[in-house]
Amino acid sequence: MSGFDWQFFVEVLIGGLLSGVMYSLVAIGFVLIYKTSGVLNFAQGAMLLFAALTFVSLVERGVPFALALIITFAVMVVIGIAIERVVLRPLTNRSPMTLFMATLGLSYILEGAAQLIWGTQVHGLDLGIDDVPFEVGGVLISQFDLFAAAIAAALVLFLSVFFRYTRVGLAFRAVADDQFAALAVGLRLPRIWATVWAVAGLVALVAGLLWGARLGVQFSLSLVVLKALPVLVLGGFDSIPGAIVGGLLIGATEKLAEVYIGEYFGGGTESWFAYVVALAFLLIRPSGIFGQKLVERV
Amino acid sequence: MTVATFEASAPFHIPRWLAPFVVLSFAYIAVPFIGTNYLFEAILLPFLALSLAGVGLNILTGYAGQVSLGSAAFLAVGAFAAYNFNLRIEGLPLIGSIILSGFVAAAIGIVFGLPSLRLKGFYLAVSTLAAQFFVQWALTKFSWFSNDSASGVIDAPSLSIAGIAFNGAVGRYIFSLTIVSLLTFFAYRLVSSQTGRNFIAVRDNETAARIIGVPVLKTKLIAFAISSFIIGVAGVLWAFTYLRTVEPAGFNLDRSFQILFIIILGGLASIRGAFFGAALLVVSPLILSRLGSFLFGDLFNSGVLDMSQRIVLGALIILFLILEPDGLVSLWDRIRKRSVARLNKRKHVGRAAQPTQ
Amino acid sequence: MNSMNRVLGGPATAYFPADIAAERQGLGEPVKPLSAAQDTALGLDGISLSFGGVVALDNIDLAVRRGEIRAIIGPNGAGKSSLINIISGVYRPDRGRITIGADRFTSVPTQKLARLGIARTFQNLALFKGLSVIDNVISGRAYKVRSTFLAQVLGLSGSRREEADARGRAARILEFLNLNHVSNRLAGTLPYGLQKRVELARALVAEPAILLLDEPMAGMTASEKAEMAEFILAANREYNTTIVLIEHDIGVVMELSDRIAVLDYGRKIADGTPEEIRADQGVIDAYLGVAAENIDGGGI
């Protein structure tokens, strides 16, 4: 295959993997909540939008970067706790699908509220990273993507430390393993859930800033959930490694497909290609890459 | 989610056909005379199309328990298929185009329903998004579907059946009402048949259903096919009787959620629920906009209206899930039962000795 | 509740409607006397099953004669439910064969189970909560339905006949099990004991040759248990149904069963008549001795 441009292939691949990291970042927010409370939190995208919009609006009003970050984080924690109190607690013991639909309603509220408060115009978000590609061995790599990947890696590292070495983290893992047992040994589930929602708020903030810097902070930011969902299907809703590997896989295949076979479809395939990949994979392995296969109890 | 599908019948009997009969008589005879143009164009036409879509989705999600987030795709398939049948097959009567478009939607529904044979719950719900994005993409990408018009816009043809034109607001209303009534009756018959019981069996306990001999795979595919057929025809009504001009972008994810919200608000696994939910969904923004401009004046512009609509809708969903999980229908039934009980009491005082039927 | 009698034209005392027997014969399953020893309805040969390295069943042989009540007992975790799940095709054994009538399987096709003449109830209730009691029971006839959904919607005569037939049978079974006063209630709203009975009704309406009962009396009061035992006996006698029964309550099992197999840690440690089991030292050591509370029916 002398005609094949390997350098270009590697460039596309790396670009895909790096944007895959961004998908993983959103997916991790889902996994955290799904593992502890069995809720597929569709509002993750709206939280992301809310965080980014709040942050950028604060900065535009002259609030220093660091302070804006802290305020936004505080807001996200409050929102997370409020969600747990007002929405999820009254729905305890209801079916997972009911909870999912509630988060769908939640995403409408958050999207509406974010834009009602801060307006609907598009905001630019400058994190101070130039998006100038640099060259490594003839392969062009986006500096911003690399930065985003580093942030994402740091976040994952932080989360694993948090969950491995703190009391809350230990409780989190206990709850994720077995809710009833955790309840039986006296773990206070509501507090753990509130913590997890707050952490999910943090993840939403980080993802919101990175995605916001990439796409501009606007309504469509909340649609990045749609990028995360195939990642979750592929990696399993309950697996953080799955979210990471799934994100990388989807990012890479999506970019490669767009570049190499997209032209046969007339382009624009990225809206659905990830779903088809995830579906095809699921038909072979219904519980995803790392998802657990549960034995049916009757 | 447990859903009351069958109620113990109250001793005081209203014949089962009476309520639909009264509603239909009113809708056919009175409404055309008293209705204003605004009522038809802004309320009744979208209400009818959305109700039918809700009926379709309720068969799949409410009865058969397969959550779909891609309903708008099937609305779009119906609309564009009917447009193309009408355009490309010379001499095909309108009703033929509509039926054929339903079949196209059903066929695509079966294709996107295939994952349901392996996948459950969230995995399936997410996979239905594939239909949503793929269909929207295909309709935008291939201009053949819209007869090479700019950005995929299609215009509704003249509505006439057997030489009678239904082009005015009232005419389109009658046209839509008739199709909706027929398909609703079909749906009602279906859910009270053995196939309908199979839907609920698969939803409530798939393993038990398989063990007692319910053909689970077939049942799921039937649910996908019929649901998509009905939603497809609802799409035709949406495009031909309500909007008259549609583009693929109008059948986006928000539209899919809107239909899902209709059945949550109205009542899952209830045919009537779809109508209740659609009524709420169509009317509440209108009320909200009147109320908003009354309270806040010019401050309540279209952007603010849009956002507050989202908030109100989201809040309604959550409120209903918490307080009235079986939807408006169950609220309605409680009120009705209470008044029937009151009636009964009065009757019993009159002839206490007589046993009730 | 009285309306049902009216529909049927009088109190239904006939537990065993003649048309059911007629149809069984029509199916080519002659109703045979109980004593045909060589006549095996259901056989398991060398069944082994493990979950991720944990052995649930180890080389189990079990023969069930046509028409008998065959109990399987054993302490919790002995593998009783796994055995039922293998017979009904929910689990796939690692090794061994299952014989149902004349057919041999390495794993039973669940979707054909009803047509093979097997019905079952579940340890944890598995009713369709959103259906009324009568509709739950009617759905037990789902395997018989031939009409298409279109025929059902249009009300074509074939589907109407099917529907009327299923409804009639369901009504008679409800009568038989004293359930007709709740026939229009949503199944999920019934008290536990009644739900268990509705499950039995749903299984019986299929007129199975073999009925698998997975702890049909778990969690019941003493009077409910007595009633349920009655129904099981009646089903066995009147419908000539072979019954495989898992039950914790030893007293009930001893009274009801023709033969009993005892499982312990996935192995069969004894098999015989209630008298033989009662006298078996291995059984006493493994089960009866240590789990005295089970004799009172307390151990669930």
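Helices here are DSSP runs (H or I, at least four residues), numbered from the N terminus. This is a predicted model, so to speak of local features we need pLDDT of at least 70, and side-chain atom pairs count only at pLDDT 80 or more, while totals for chains, interfaces and linings use all residues. Residues are numbered from 1 along each chain as its sequence is written, chains are lettered from A in the order in which they are written, and side-chain values use heavy atoms, with hydrogens and water left out.

**Stop one.** Select residues 225–235 of chain A, which is helix 9. Because 10 of its 11 residues are buried (under 20% relative accessible area, 1.4 Å probe, protein chains only), helix 9 is largely enclosed by the rest of the structure. Among the buried ones are Val225(A), Pro230(A) and Gly235(A). The cover includes helix 1 (6–37) of chain A and helix 5 (121–141) of chain B.

**Stop two.** Now show both chains. Their contact (heavy atoms within 4.5 Å) takes 51 residues from chain A and 37 residues from chain B. Which residues form a salt bridge? Pick Glu111(A) and Arg310(B): their closest N and O atoms are 2.6 Å apart. The rule (a Lys or Arg side-chain nitrogen within 4 Å of an Asp or Glu carboxyl oxygen) finds one salt bridge across this interface.

**Stop three.** Finish with residues 18–34 and 169–191 of chain B, helix 1 and helix 6, whose axes lie 11 Å apart. Leu24(B) and Tyr173(B) are among the residues making their contact.

Note on methods: Buried means under 20% relative accessible area, exposed over 50%, partly exposed in between (1.4 Å probe, protein chains only). Helices (H or I, at least four residues) and strands (E, at least two) are DSSP runs, numbered from the N terminus. Axes are lines fitted to C-alpha atoms, for helices over the stretch in contact, and angles run from 0 to 180 degrees between N-to-C directions.
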